[in-house]
Amino acid sequence: MVAGIVTAALLAGSIATAQTQWRPYQDESVSLLQRYLRIETQNPPGNEERAAQFFHELFDAAGIPNTIFEYTPGRANIIARWKGDGSRRPLILLNHVDTVRADSAQWRVSPFSGEIRDGEIYGRGALDMKSLGVLQAMTLLILARERIPLHRDIIFLGTADEEADDTGSAWMIEHHADLFRDAEYLLTEGGSAVMTASGRNLYRIGVGEKAPLWIKMTATGPGGHGSVPIPDSAPNRLVRAAARIADWQAPIHLLPAVERYFHTVAPFEENRLTDIAEALKDPEFLGSLPGKYSPYNVLLRSTVSVTMLEAGQQYNVIPDIATAKLDCRLLPGEDPQTFLTELRKVVNDDRVRLEIAHEFGPANSSSADSQLFGVIESSVHRQDSSALVAAFLDQGYTESQMYRKLGIAAYGFHPVVLSPEVLATKHGANERVPMKPLRDALPLLFDIVQKISSEK
Ligand SMILES: [Zn+2]
């Protein structure tokens with residue numbers, strides 16, 4: 001218990017002057033993350049109940065009301081609410097407690113050791129997203145321990161199964177939306193903070209994500225012996241269709257948030273594409289986008305990747321059916337049915353059937369002109385004065401999509417500044433988080449939560 005010191009430091013002035021006072025809480029964040037990484041929640045199967053229990057004990061000890069919902073044996077969500085005076089609507093801190101699986105043979109330490117090596121904490125989930133889960137929990141613990149008065153309730157929501165089927169959030173929204181649907185804002189994964197070559201840190205705040213759309217493509221045709229080729233066999237039709245799709249690019253759709261992102265960030269990147277709208281008028285640049293500028297390409301258009309191909313059982317038998325699976329990612333505003341119709345035109349073969357195998361719903365986004373976005377921007381600048389802050393469209397999927405449908409403005413914000421090399425270990429081998437930026441992220445996240453909840 002370190003009651004009062006952070007409050008005093010915050011009242012006294014900037015985050016920087018509070019730095020030394022933060023040390024006990026930062027130490028606690030490191031050791032909590034180590035403990036949390038040792039709780040194995042690889043999904044499948046998840047076993048998230050263990051993680052829910054971990055947070056439950058922390059919150060109970062701090063007197064924070066919380067509830068575990070075990071919706072399937074071993075799979076659980078946890079919700080905790082620290083009360084403000086209720087004059088403003090709540091803020092949700094959302095984190096998923098499951099991780100993707102880890103193949104320990106590829107790791108230099110055990111993925112469930114929480115081991116610290118050369119100043120970095122290793123473990124599956126260190127980036128995605130147990131570090132943020134711990135920072136969010138610590139924020140709640142500090143608010144409670146220091147009895148900081150707030151206008152908003154702060155809701156901690158830890159959910160199961162984000163890495164596979166979103167059953168945790170889906171179950172909460174279906175059965176207990178009453179516990180959080182009054183929220184105005186939500187913070188979760190989806191943004192990132194990276195060191196740029198210019199030496200300035202870039203904080204990307206996720207205001208929207210592309211939505212996946214999974215399409216199954218099936219070709220049919222006459223089967224026969226492999227010694228007598230059949231020009232319109234199912235496999236031949238399928239590979240032609242797949243080749244047309246591989247050669248096709250969806251039309252460019254420059255969203256205002258993306259245009260603004262280029263404007264903010266480009267001056268500090270090699271390519272200096274400050275005016276992306278102008279650059280897109282150049283046919284040569286346009287043509288080089290998918291190959292040379294693939295990270296830009298995905299921000300500017302919906303995309304499709306051929307990911308699975310299946311046909312036949314034997315070398316010498318031409319099968320009468322062949323299938324391909326397509327992972328499409330749609331920009332906010334794009335309608336899945338319209339995109340499917342467009343793909344059918346590209347394939348242009350009535351013996352190749354395209355159907356939606358799984359639809360995640362149309363992509364949505366939140367405004368970058370909100371009070372919370374402004375608070376994030378000013379808090380980041382107070383801690384890191386040369387930092388760049390930019391609204392960002394994430395090409396990955398996050399559960400923000402599900403909560404925006406309840407009318408909550410949701411943002412991806414992961415305030416731990418990482419090198420591109422460390423960032424790349426997310427979902428890969430040797431996933432890790434360096435201690436220094438993790439420690440720095442705690443006062444920053446706390447400051448944001450405290451400010452948005454004390455402003456009128
Ligand atoms: Zn994640």
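Reader: Is valine 194 buried or exposed?
Author: In this predicted model, valine 194 is buried, because its relative accessible area is 7% and anything under 20% counts as buried.

Reader: And where does valine 194 lie?
Author: Valine 194 lies in strand 8, which covers residues 192-195.

Reader: Which residues does valine 194 touch, leaving out those up to four places away in sequence?
Author: With those left out, valine 194 touches Arg200, Asn201, Leu202 and Arg204, and also Val417, Leu418 and Leu423. As for glutamate 421, which is 227 residues away along the chain, its C-alpha atom is separated from that of valine 194 by 9.9 Å.

Reader: Changing topic to the rings, how many aromatic pairs does the structure hold?
Author: The structure holds 20 aromatic pairs. One of them joins tyrosine 36 and phenylalanine 55 in an edge-to-face arrangement, with 4.9 Å from centre to centre and 75 degrees between the planes.

Reader: Where do tyrosine 36 and phenylalanine 55 sit in the chain?
Author: Tyrosine 36 is in helix 2 and phenylalanine 55 is in helix 3 (residues 49-61), so that the pair, 19 residues apart, links distant parts of the chain. Tyrosine 36 is buried, with a relative accessible area of 0%, and phenylalanine 55 is buried as well, with a value of 0%.

Reader: What about phenylalanine 180 and tyrosine 403, how are their rings arranged?
Author: Phenylalanine 180 and tyrosine 403 form a tilted pair, with centres 5.8 Å apart and 55 degrees between the planes. Because phenylalanine 180 lies in the loop between helix 5 (167-176) and strand 7 (185-188), while tyrosine 403 is in helix 13 (residues 400-404), the pair ties together parts that are 223 residues apart in sequence. Phenylalanine 180 counts as buried at 0% relative accessibility, and tyrosine 403 counts as buried at 0% too.

Reader: Which residues do ring pairs link into a cluster?
Author: That cluster consists of Tyr261, Phe262, Phe285, Tyr293, Tyr296 and Phe392.

Reader: Back to helix 2, how do its axis and that of helix 15 cross?
Author: The axes of helix 2 (residues 23-37) and helix 15 (residues 435-452) come within 9 Å and cross at roughly 120 degrees, which means that helix 2 is oblique to helix 15. Their crossing is right-handed.

Reader: Which residues make that contact?
Author: Helix 2 contributes Arg23, Tyr25, Gln26, Asp27, Ser29, Val30 and Leu33, and helix 15 contributes Met435, Leu438, Arg439, Asp440, Leu442 and Pro443.

Terms used: Residues numbered from 1 in each chain as written. Predicted model: local features only at pLDDT ≥ 70, side-chain atom pairs only at ≥ 80, totals over all residues. Heavy atoms only, no water. Axes fitted to C-alpha atoms, helices over the stretch in contact; angles between N-to-C directions. Helix = DSSP H or I, 4+ residues; strand = E, 2+ residues; numbered from the N terminus. Parallel < 35°, antiparallel > 145°, perpendicular 65-115°, else oblique. Left-handed = near helix turned anticlockwise from the far one by under 90°. Contact = heavy atoms within 4.5 Å. Phe/Tyr/Trp six-rings, centres within 6.5 Å; stacked < 30°, edge-to-face > 60°. Buried < 20%, exposed > 50% of the residue type's maximum accessible area, 1.4 Å probe, protein only.
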